Amino acid sequence: MPALIERSSAPRQRIAVEATDTSHLAATRKRLSATQRRWLTTQGFDAKPGSTLLLPDANGKLERVLVGVDATQPLAALAALPATLPEGTYQLADDGVALDPQQAALGWALGAYQFTRYRKAKREPATLSVDAAVFATVQPLVDATALVRDLVNTPTEDMGPEQIGDAIKTLGKTHKAKVRDWVGDELLKANFPTIHAVGRASHREPRLIELSWGKLDDPKLVLVGKGVCFDTGGLDLKSSDGMRWMKKDMGGSAHAIALAGLVMQARLPVRLTLLVPAVENSVAGNAMRPGEVIVTRAGHSVEIDNTDAEGRLILCDALAYGAEQKPDLMVDFATLTGAARVALGPDLPALFSNDDALAEATLAAGHANNDPLWRLPLWRPYFKMLDSYLADFANAGPSRHAGAITAALYLERFVPDAQRWMHLDTYAWNDADRPGRPRGGEAMGLRAVFAMLEQRYRKS
């Protein structure tokens with residue numbers, strides 16, 4: 001059963017869902033029958049956010065649902081309902097607290113998500129009936145978010161570099177885009193040395209996957225996603241706790257893939273390039289060692305201070321290649337640093353950009369779409385923390401200070417000065433279940449960036 005359906009195709013029998021809060025509860029009571037008012041009092045419904053009350057009609061059949069909401073959190077307003085209401089078809093009532101219909105529908109659909117690859121769904125979600133215009137706007141965002149969640153939730157055995165490539169090829173087939181990849185030693189021949197170095201110790205060959213779509217004369221847009229399918233830390237081995245959830249270290253690639261799908265589905269007038277370097281950072285006799293020096297695609301020599309700072313290594317070759325196309329805009333997504341989570345927590349992706357107007361537009365889009373981001377500075381004096389005594393610079397350094405910033409500064413070295421660029425350091429994960437945000441993989445910053453791209457490129 002789908003979480004959302006267009007009202008025109010919905011069954012005639014629909015149950016009203018009325019949003020209310022403590023200030024509207026008295027008015028809500030007046031609209032109820034005497035029996036329903038007694039039921040509301042008996043059940044102690046107080047309209048606090050997250051509270052619900054099922055109201056029967058005179059025959060005992062469910063007629064209306066009251067849900068307590070916080071009007072400042074429209075995305076969460078209905079998010080718990082698809083998994084808790086009886087199966088059936090519902091619609092948002094005109095009465096009560098006015099909710100943004102798109103945000104309410106999006107929250108409902110995100111709350112209906114279940115990852116069912118390895119076990120059956122716990123139950124069928126309740127369905128929300130929405131207007132055709134709402135459905136057309138919201139459903140692509142729902143599908144893109146589900147794709148991110150599915151890709152991140154899938155264990156590495158079933159989501160290695162090859163499977164990420166397969167997901168991109170499926171996307172390319174859907175939208176008639178061109179897809180090619182460089183696998184294993186082909187990376188060395190094509191001058192992608194850092195991608196090869198990070199992934200060479202795995203039994204699954206590293207690869208760089210490229211998708212191209214759009215008209216040649218449209219503005220060029222490059223999306224890059226970190227695809228570390230599993231991160232042991234390499235020879236600088238992670239602890240067991242640190243390694244436990246490293247299947248999610250390809251969350252950046254999941255975001256970039258889903259965003260590329262949104263761009264193509266919306267047919268934005270851009271010449272799109274999607275680049276995903278996909279690797280496993282494993283331990284073997286040929287693993288990359290601390291102290292090695294790699295000459296990158298851009299010609300910079302990089303000393304490997306820490307093999308667990310591998311994400312920036314695979315991204316730097318991809319960014320250098322993307323910049324060679326001289327795009328109008330380049331955006332990368334990566335689950336890059338724990339430092340970003342220490343600074344901002346699990347819900348706020350860190351946003352870095354070398355263009356103030358671009359950053360402000362993205363932050364505004366995030367605010368408008370309840371997909372928040374927080375900008376951190378490219379504080380260039382901190383690049384000294386990556387000094388190397390024998391190479392141009394190192395991939396990490398001895399200081400634990402400003403880890404998210406120094407990682408972003410490392411990436412910036414592979415972006416030409418005149419190139420407009422944005423980097424999102426995202427967690428891509430929910431540590432616990434919340435309404436609309438089930439435990440596991442999560443899309444963070446996806447809607448914000450897509451809204452910004454629509455504003456930037458949509459022709460009037």
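Start by selecting strand 3, residues 52-56. (Buried means under 20% relative accessible area, exposed over 50%, partly exposed in between, with a 1.4 Å probe and protein chains only; strands are DSSP E runs of at least two residues and helices are H or I runs of at least four, numbered from the N terminus.)

A word on what you're looking at: this is a predicted model, where local features need pLDDT of at least 70 and side-chain atom pairs count only at pLDDT 80 or more, while totals for chains, interfaces and linings use all residues. Residues are numbered from 1 along each chain as its sequence is written, and side-chain values use heavy atoms, leaving out hydrogens and water.

(Two strands pair if DSSP finds at least two bridges between them.) Which residue of strand 4 stands opposite Leu-53? That's Leu-66, and Leu-55 stands opposite Arg-64. In the hairpin, 5 residues sit between the strands, and Gly-60 takes a positive phi near 85°.

Zoom out to the open sheet: 6 strands in the order 1-6-5-2-4-3, with mixed pairing. Strand 1 (4-6) and strand 3 are the edge strands, each pairing on one side only.

Last stop: pick Leu-235, in the loop between strand 10 (227-231) and helix 8 (240-243). Leu-235 is partly exposed, with a relative accessible area of 40%.

Definitions and conventions. Two strands pair if DSSP finds at least two bridges between them.
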